[in-house]
Amino acid sequence: MPPPASAPPAAPWRADWLIAGGLVVLAGVVLLLWQRRRKGRRGVDAVEVAVSPPTAEPRTHRPPASESASPVAPVPSNSAPAAPAAATPRARLTVALRPRRGGINLLTATLDAELEIVNTGDVPAGAIHVAARLLSAHRDQQAELDALFAEPRIRAAIPPFALAPGDGRMIPLLLTLPRAAIRPIDMGGRAMFVPVAAVDVRYVSGAGEAQSAAAFAVGVERAGAAKLAPFWLDGPLRMHETLGARPHGEPVLR
């Protein structure tokens with residue numbers, strides 16, 4: 001009996017077709033996945049644009065027709081500074097002491113001086129009352145001056161007078177201090193005396209009373225020296241002709 005015939009081998013073109021078909025199916029699957037992923041990314045991009053801040057300028061609010069028909073008048077500003085009030089014209093007296101002679105004897109210390117008073121204000125000064133005292137310099141001088149200038153008027157050196165704006169007057173003063181009232185100041189083992197002239201000028205300016213009070217330390221002028229020399233208590237008793245005065249303490253101007 002003849003052997004059975006074997007099946008013929010598969011044709012090579014069939015295998016190629018199967019491979020090609022598989023590649024086509026695989027490509028379709030890849031294309032489908034790519035398209036879905038692209039749609040998903042587009043959705044994300046759209047969301048990001050929606051939440052990003054707008055670049056367009058904001059619109060100006062327009063009031064309704066009823067508001068625009070009746071415009072509101074501008075309110076005047078009250079922030080402008082008010083003009084300063086003009087100062088009330090007044091008299092103002094300045095004082096300066098010009099000593100001429102001074103010294104010490106057995107009983108008293110004496111000062112011969114002139115007081116210059118000038119009205120530097122805008123209106124006349126009336127009822128000018130001048131009082132002056134001779135004191136002895138010491139450490140608590142300012143408290144003594146404050147109390148003295150706060151006292152009521154003391155006996156005037158001359159009768160009251162008046163000064164027009166810009167006018168001045170020179171008043172002679174002869175002041176004395178008992179020797180027992182002198183407060184010696186120790187200076188290197190020597191006792192010295194520094195006379196202090198306290199001047200209190202009160203006057204009427206407008207409807208009120210004003211005051212110009214000041215104190216002046218008096219000493220001996222020396223050639224080429226800026227400071228004044230004191231009166232020495234352990235030296236010979238004499239009168240000095242070349243004297244000078246310097247402001248002493250705090251003045252009162254009111």
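Predicted model: local features only at pLDDT ≥ 70, side-chain atom pairs only at ≥ 80, totals over all residues.
Residues are numbered from 1 along each chain as its sequence is written, and side-chain values use heavy atoms, leaving out hydrogens and water.

**Whole chain**
- The chain holds three helices and 12 strands (DSSP runs numbered from the N terminus: helices H or I of at least four residues, strands E of at least two).
- Of its 254 residues, 28% count as buried (under 20% relative accessible area, 1.4 Å probe, protein chains only).
- Of the contacts (heavy atoms within 4.5 Å) between residues at least 6 apart in sequence, 72% join residues at least 24 apart.

**The five-stranded sheet**
- An open sheet with antiparallel pairing has the strand order E4-E3-E8-E9-E12; two strands pair if DSSP finds at least two bridges between them.
- Strand E4 (161-163) and strand E12 (243-253) are its edge strands, each pairing on one side only.
- Strand E3 (residues 125-136) and strand E8 (residues 195-205) run antiparallel and are joined by nine bridges.
- His129 stands opposite Arg202 in E8.

**Helix on the sheet**
- Helix H3 (residues 141-149) lies across E3, E8, strand E9 (208-220) and E12.
- H3 runs at about 30 degrees to E8 (axes are lines fitted to C-alpha atoms, for helices over the stretch in contact; angles run from 0 to 180 degrees between N-to-C directions).

Technical notes: Buried < 20%, exposed > 50% of the residue type's maximum accessible area, 1.4 Å probe, protein only.
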